[in-house]
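Please open the model in a viewer and keep the selection panel at hand.

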Amino acid sequence: MLPELNEFLGCVTPPAWVDVALRNQGVMLVDHGNCEKKAAGAAFQLMFRYVDKPDLQNKMSRLAREELRHFEQVLSIIRKRGIGLRNIGSSRYAAGLRELVRNHEPYRLTDTLVIGAFIEARSCERFAMLVPHLDEELGRFYHGLLKSEARHFQDYLKLAYLYGEAADIDATIVRVRERERELIESPDSEFRFHSGVPGAA
């Protein structure tokens, strides 16, 4: 784990989330796979929306390929373990963060990039929280994701500062950090990879 990543996040994952995740690994894996697909889709959306930004095009293209590769790896583990694929609803997490995105440019872009950094940072932090408690195969896989997720966090943040004013990005990080902390620490009605403190799961 990068020290800067821990400092970036406003809180640590509550131990209660880890406990529920370990008891619901099938749901965790299916939702993790969904998250990888959504991350690739978000990267593609940025590429199509901001065609005039070569740095963004390059980093998002690489990120999308990595996220799809991660999805394929999750899918392989799901099939190997005989876990049934099914539709499960999204958590409130990403939608709750995206409520903060301003509608006008360049703030729409920079807000989206800061939120992307938070999502990647939280994913990395949760992988690290889970690794010591998982079986060898899954623990090794999640440990292997730490480096790429940390790099994705850095890529999103670097792009935000590239396309925005530093003072505004700093203020946006503070604003998003508070909402992210609220979503992670408050009670949640169902368990998902990015859910808050789960109820009876």
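Helices (H or I, at least four residues) and strands (E, at least two) are DSSP runs, numbered from the N terminus. The model is a predicted one, in which local features need pLDDT of at least 70 and side-chain atom pairs count only at pLDDT 80 or more, while totals for chains, interfaces and linings use all residues. Residues are numbered from 1 along each chain as its sequence is written, and side-chain values use heavy atoms, with hydrogens and water left out.

**First stop: the enclosed space**

Rolling a probe the size of a water molecule over the atoms shows where empty space is left. On a 1 Å grid over the protein atoms alone, a cavity is a set of points where a 1.4 Å probe fits but cannot get out, whereas a pocket is an open set with protein on both sides within 12 Å along at least five of seven lines; lining residues have an atom within 4 Å of a point. Grid points are joined across faces, edges and corners, and a volume is the space filled by probe spheres set on the points.

Select Lys59, Arg62, Leu63, Glu66, Arg151, His152 and Asp155, which line the largest cavity. About 50 Å³ of space lies there, and the count is 1 cavity of 30 Å³ or more. Helix H4 (54-80) and H7 each supply at least two lining residues, with H4 giving the most, 4 residues. By class, this lining has 1 nonpolar, 1 polar and 5 charged residues (Ala, Val, Leu, Ile, Met, Phe, Trp, Tyr, Cys and Pro count as nonpolar, Asp, Glu, Lys and Arg as charged, and the others, Gly among them, as polar).

**Second stop: the largest pocket**

The largest pocket has a volume of about 640 Å³. Select Lys38, Ala42, Ala94, Arg98 and Ile119, the closest to its centre of the 31 residues that line it. Helix H3 (25-49), helix H5 (93-98), helix H6 (107-130) and helix H7 (136-163) each supply at least two residues of the lining; the largest share, 11 residues, comes from H3. The lining of the largest pocket comprises 12 nonpolar, 9 polar and 10 charged residues.

Is glutamate 180 buried or exposed? Glutamate 180, in helix H8 (residues 166-185), counts as buried because its relative accessibility is 0% (buried means under 20% relative accessible area, exposed over 50%, partly exposed in between; 1.4 Å probe, protein chains only). Beyond its neighbours within four places in sequence, glutamate 180 is in contact (heavy atoms within 4.5 Å) with Leu9, Tyr93, Leu97, Phe118 and Arg122.

Select arginine 122 next, in helix H6. Arginine 122 also counts as buried, at 0% relative accessibility. Residues up to four places away in sequence aside, arginine 122 touches Leu9, Cys11, Val12, Thr13, Tyr93, Glu180, Ile184 and His194.

**Last stop: tyrosine 163**

Tyrosine 163 is placed in helix H7 and is buried, with a relative accessible area of 18%. Its contacts, not counting residues up to four places away in sequence, include Lys53, Pro54, Leu56 and Thr110. The side chain of tyrosine 163 reaches the backbone nitrogen of leucine 56 at 3.2 Å.

Key: A polar contact is a pair of N or O atoms within 3.5 Å; within protein, one must be able to donate a hydrogen and the other to accept it, and residues adjacent in sequence count only if both atoms are side-chain atoms.
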